[in-house]
Amino acid sequence: MPTFEEARTIILAHIKTLGTEEVMLLDATGRVLAEEIAAPWDIPLWDNSAMDGYAVRSADCREEVTLPISAFIPAGSLPHLPIGEGTAIKIMTGAPVPPGADAVVPYEETEEGDGWVKITGPVVARRHIRFQGEDVQAGESVLRAGTVIRPPEISMLASCGQLLVPVFRRPRVAVLSTGDELVEPGEPIAPGKIINSNTLALAAAIRELGADPVILGIARDNREDHRQKIGEGLLADVLITSAGVSTGDRDLVRETLEELGVLPLFWNVEIKPGQPTAFGMKNATPVFSLPGNPVSTLVTFQELVRPALLKIMGHRRIMQSGITALLREEVRKKPGRLHFMRVRIEIENGRYIAETAGDQNTGILTTMVRANGLALLPADRGVFPAGTEVQVHLLDRGFEMLEG
């Protein structure tokens, strides 16, 4: 049985990106750039005004001065002539600065009359001008491969005229729940039945990362249904099953995966919750078999599946954000396995404080809802006094901290 770190190392050693594709610029939002992008031209393309105001020669404005307005340059037009000595040109933000002008004076620092403008103070050269290439020069690298494309990257790509963007492919991730006890949300709940929350929770987590979930439904506790649905799932880029990986009479996932040619790489991990977590490969398709308990499903997805999906999608940063926090109260556990304790993180006097999010029983889903972090309690310890420093993995759905 591997440790948590060993299991994650095994998983990531078998994960590869899926190749690349080109998408339209707006559709690249949230995707991972697959190639370096270099600027095809200078940005800005020409010297332009950063303000609405007047283009002048600073040599004419060493003190308060009144200058005739010789021309007007709106945005989107070009200056017809260089600026004349001892004159001013009215100019709009973004308009090209006329040859000879070396500063722009904003409207609010002037007084305008009929055909003239008074400059009320000395003017410094280069003021309020955005110079050609001051942001980016032609041929300069502007975005690296592996960059997550956010609105600022969309703006840069658009500024470079990049209408088609090379990105890493998003995986199709098949999700399968197993068990005769399950009913889908909205169906009548008969005695002994349980609502299948895992499928939608996993699909939501997959979609949140930017991958595409493929919902396979529920495999009932018979070999035929398991073979049919797992076989369908193996046609996706990744398969995730939940439940059916223990050793009960109706836990058929392990046997079915082996029959379908999935190479098992481990079947348990020294963690709690989530010990009955398995991982294998069918050719290039990773297969994750997670526990059926909803809390265990979400924890093992967060800690073991999420980094793998991020790597598949070309992300450079694939591990969870982590902090060091102080335990608010004493915590006890049984030594032997790494525990992921659901916690609330707050800030008090400049320090992160971790307090339990509630009952840590794996059947208590409300504790997972309240948590904004998972505290890692090492396997070799059983008692953690109040004030002990612990490592905490932050949960991605939002990290809300309260100032104490």
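User: What joins strand β4 to strand β6, and how do they run?

Analyst: β4 (residues 53–56) and β6 (residues 88–91) are joined by 3 bridges and run antiparallel. Pairing needs at least two bridges found by DSSP between two strands, so 3 bridges make β4 and β6 a pair. Within this pair, G53 stands opposite I91 of β6. This is a predicted model, where local features need pLDDT of at least 70, side-chain atom pairs count only at pLDDT 80 or more, and totals for chains, interfaces and linings use all residues. Numbering starts from 1 along each chain as its sequence is written, and side-chain values use heavy atoms, without hydrogens and water.

User: Why do β7 and β8 stand at the edges of their sheet?

Analyst: The strand order is β7-β4-β6-β5-β9-β8, an open sheet of 6 strands with mixed pairing. β7 (103–106) and β8 (110–112) each have a single partner strand, so one side of each lacks a neighbour in the sheet. Neighbouring strands here are turned by 35° against each other on average, direction ignored.

User: Which residues make the contact of α1 and α6?

Analyst: On α1 they are F4, A7, R8, I11 and L12, and on α6 they are E303, L304, P307, A308 and K311. Contact means heavy atoms within 4.5 Å. By class, 7 are nonpolar, 3 are charged and none is polar.

User: Which strands does α1 touch in packing on the sheet?

Analyst: That sheet is open too, with 6 strands in the order β16-β13-β17-β21-β20-β18 and mixed pairing. β18 (263–266) and β16 (212–219) are its edge strands, each with a single partner. β18 and β20 (residues 278–282) pair in the antiparallel sense over 3 bridges, and G280 is the bridge partner of P264. α1 packs on β18, β20 and β21 (285–290), and its direction makes about 145° with that of β18. Another helix, α3 (residues 198–209), lies across β13, β16, β17 and β21, at about 170° to β16.

User: How do you know whether the protein is spread out or compact?

Analyst: The protein has 7 helices and 28 strands. Its radius of gyration is 31 Å, well over the 22 Å from the globule rule for 404 residues, so the protein is more spread out than a compact globule. The rule is 2.2 Å times the number of residues to the power 0.38, with the radius taken over C-alpha atoms. Those atoms fill a box of roughly 95 × 50 × 40 Å along the principal axes.

Notes. Helices (H or I, at least four residues) and strands (E, at least two) are DSSP runs, numbered from the N terminus. Ala, Val, Leu, Ile, Met, Phe, Trp, Tyr, Cys and Pro count as nonpolar, Asp, Glu, Lys and Arg as charged, and the others, Gly among them, as polar. Axes are lines fitted to C-alpha atoms, for helices over the stretch in contact, and angles run from 0 to 180 degrees between N-to-C directions.
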